[in-house]
Amino acid sequence: MSTDGMEEIIKEFIVEAKELIDGVEQNLITLEKNPDGMDVLNDIFRSVHTIKGAAGFLAFEEVIEVTHSAEDLLNELRKGRLPVTADIMDLLLEVVDAIKELIGDIEKGEREKKHNISPLIERLRVALESKPVEDTDDKKSPPKAKVKAPPQEAREDKGGRETEHYIRVDIGRIDSVMDLAGELVLIRNRLTNLASRLHEQYGDIGVVGDVDSAISELNVITTDLQLAVMKMRMQPIEKVLSKFPRMVRDIARQRGKEVELIIRGEDTELDKTVIEEIGDPLVHIIRNAIDHGIEPSDERDEQGKPRKGTITITACQEGRDILISIEDDGRGINTERIREKAIKLGLVSQKDVEKMRERELMELIFSPGFSTAERTDDISGRGVGMDVVKTNVSRINGSIFIDSLPGKGTKITIRVPLTLAIIHTLTVEAGGELYAIPLTIVIENKRIEEEEIKTVNGNEVINLRDEIIRVLRLDNLIGKGSENRCSKYIVVVGAGEKRLGLLVDRLHGQEEIVMKSMGDYMKGIQGVAGACITGSGRVVLVLDVGKLIWGMEGIGVNMDKLVV
Amino acid sequence: MADKGCDFTVTVDGTQFVTFCLGDEEYGIEILKVQEIIGLSSITRVPHLPDFIKGVINLRGIVVPVIDLRARFELAMAEYTDRTCIIILKVDDRIFGIIVDTVSEVISISQDNIQPTPSFGSRIRTEFIKGMGKIGERLVILLDVERLLSDEELKQLKEAHDDTTTCEKTDHKEYRL
């Protein structure tokens, strides 16, 4: 019991410390921009002190040492005895990183692991003692007017505001509430069904009407409940964006460029799962913008642009989607270079390239392989791993667009769904089973006759407007073919450039579904992304078409080998 | 979080078991591992899984895999009847169901009456058996539920399957041979 209690406390410490240290990081960046921000400085001091206190209680010696030294330095800054310089900021940011690492290791359970923190402590000490420059007149003239900060009492009000309005809830609990809300919907459906049977039998008399109105009330409430639970999973996108000021600062300093980051709409809310996935692509894009987009200050001067480059990240909601745009005022994308490169890499032919519009050309930078050739030289525009960005974004059912004006800048817009929990699907029937296919990847549906399916090289294909498309009989997935072999439907699906025709018996229509995990046992089944529960209470599998296509490619390879 | 995978926690008056039948043999499962017992509901089949996993069901909004215990024990299959039940088990926070012919009762068996697994003479693989319970003249086979859907086995099956899926899709029947 006692060890359990301890674990609980440590867990809490980790969560709290992480939150605080993130706050410190953001505040440090703010402080650097505005070195006189006494409130910010106090805030930083308080957070570091809180971490030290908690670590002291739990006897995490290394954390205590680092925070203690940092606290000393911060105190000097607070009292105005040391100026806020970029070097000191670098040092403090290093402290932040060190604490993050220490906490990370504690979280991983490597509590005993020794870290070499003494160099950092030493440097903090040196920084602390570097003040003698002002030290001589320190005693006589109180430096500047900064000293107005009340040093001690500031600590007292820590956290009070937050505890009142927020509670930390395990995501599993919210999910189970969501499951139950879903169940409620099913029961409502059944009741509606029963009510209409009551109507048939007894007509519209007394009680039957009352039942009706009760059910319609239930209807409204269950819908609201589902929405409310969905909202519980929403988090402001700030959670991701808040990491960027630090990142932009570091990269810009490394590259010797001047970059200002403006963030708008950070309170836009997104589902937790989307938040988790959107970070990496954004990092990539921003890194590209600094690396390739923003010119060095001198070059900007020559072009009559302000010396400092600007990157603007904007997030906003549009219907059921969230739009995130990353805009820079750098040199833009040189389509001429893309054209050359694309031909050189054999992505498109000379003839095609001439016909392509600017926009289409820019799309080319998302092609796999385009990046690698670009990586060695920084002369032209973007291209570093943009295919990875695109893959990541499409994994969360999002899409990505580029706008660019040479010399003026580039704007990359990412459109992602508000939530991954609800997806729009096409429900189909094959071999007596229902399957759901995410609508985002469905290209078209077509009625076909069995004779239209040809066999080429052992593979079944159809000819769709002169395009040869491989066919997968969905009923074979389960291993039970259906007897009815006359007219069927083909659902053409696509992932990237790849196309695949799924042969099904019947189309059931569109449905909004809530994705459910299949649990640990069933994780990673080829071709199945998850499951959902329909209005009638049945479990329906959601197909992972990317994997299905991949599986088909596998056959292709085998076939080739056989032929050789 | 109260139920920590207890290993036959024997109280003074013995351990309680839920007993059920497959054919004419009687089996028992520790009651603490049983979450509930439900009637047979519609099962959705899932591709690329071993035959003994019949598919998944909807248990109040949770997708739960279901094992046919006859198939698992490689016994002759029987028609599902209205007495066929799904016993929902909870092992280490994982939930799965087993399909059995009929559920009989809840009984207490004291530790004295539980004997080690005989190394032969059983119709099912001994690895699934934790012991034999004696109640008067009756013998109840006590199952080790952890082994029914073990990670390693499932992983092996999956890996073995990954190698063959491609063939299976092109020519299902040939693969079966």
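This passage walks through parts of chain B and then parts of chain A in a predicted model. Residues are numbered from 1 along each chain as its sequence is written, chains are lettered from A and ligands numbered from 1 in the order in which they are written, and side-chain values use heavy atoms, with hydrogens and water left out. As the model is predicted, local features need pLDDT of at least 70 and side-chain atom pairs count only at pLDDT 80 or more, while totals for chains, interfaces and linings use all residues.

Along the sequence, the pattern reads β-β-β-β-β-α-β-β-β-β-β-β-α-α. Of the 177 residues in chain B, 48% count as buried; buried means under 20% relative accessible area, exposed over 50%, and partly exposed in between (1.4 Å probe, protein chains only).

Strand E1 of chain B, residues 15-22, is mostly covered, with seven of its eight residues buried. E1(B) pairs with two other strands, pairing being called when DSSP finds at least two bridges between strands. Seven bridges tie E1(B) to E8(B), and the two run antiparallel; here Gln16(B) has Ser108(B) as its bridge partner. Strand E2 of chain B (residues 25-30) also runs antiparallel to E1(B), with six bridges between them, and Cys21(B) sits opposite Glu26(B). E1(B) and E2(B) make a hairpin with two residues between them, and Gly23(B) in the turn has a positive phi of about 60 degrees.

What does Glu105(B) touch beyond its sequence neighbours? Leaving out residues up to four places away in sequence, its contacts are Phe17(B), Val18(B), Thr19(B), Glu26(B) and Arg138(B). Glu105(B) belongs to strand E8 of chain B, residues 102-109, and is partly exposed because its relative accessibility is 31%. Its C-alpha atom lies 5.9 Å from that of Val18(B), although 87 residues separate the two along the chain.

Glu36(B), in strand E3 of chain B (residues 34-39), counts as buried because its relative accessible area is 17%. A polar contact of 2.8 Å links its side chain to that of Gln35(B).

Over in chain A, five strands form an open sheet in the order E2-E4-E5-E7-E6, with mixed pairing. Strands E2 (259-264) and E6 (399-405) of chain A stand at the edges with a single partner strand each, so one side of each has no neighbour in the sheet. E2(A) pairs with strand E4 of chain A (residues 309-318) in the parallel sense over six bridges, and Val259(A) has Gly309(A) as its bridge partner.

Key:
Helix = DSSP H or I, 4+ residues; strand = E, 2+ residues; numbered from the N terminus. Contact = heavy atoms within 4.5 Å. Polar contact = N/O pair within 3.5 Å; in protein donor to acceptor, adjacent residues only side chain to side chain.
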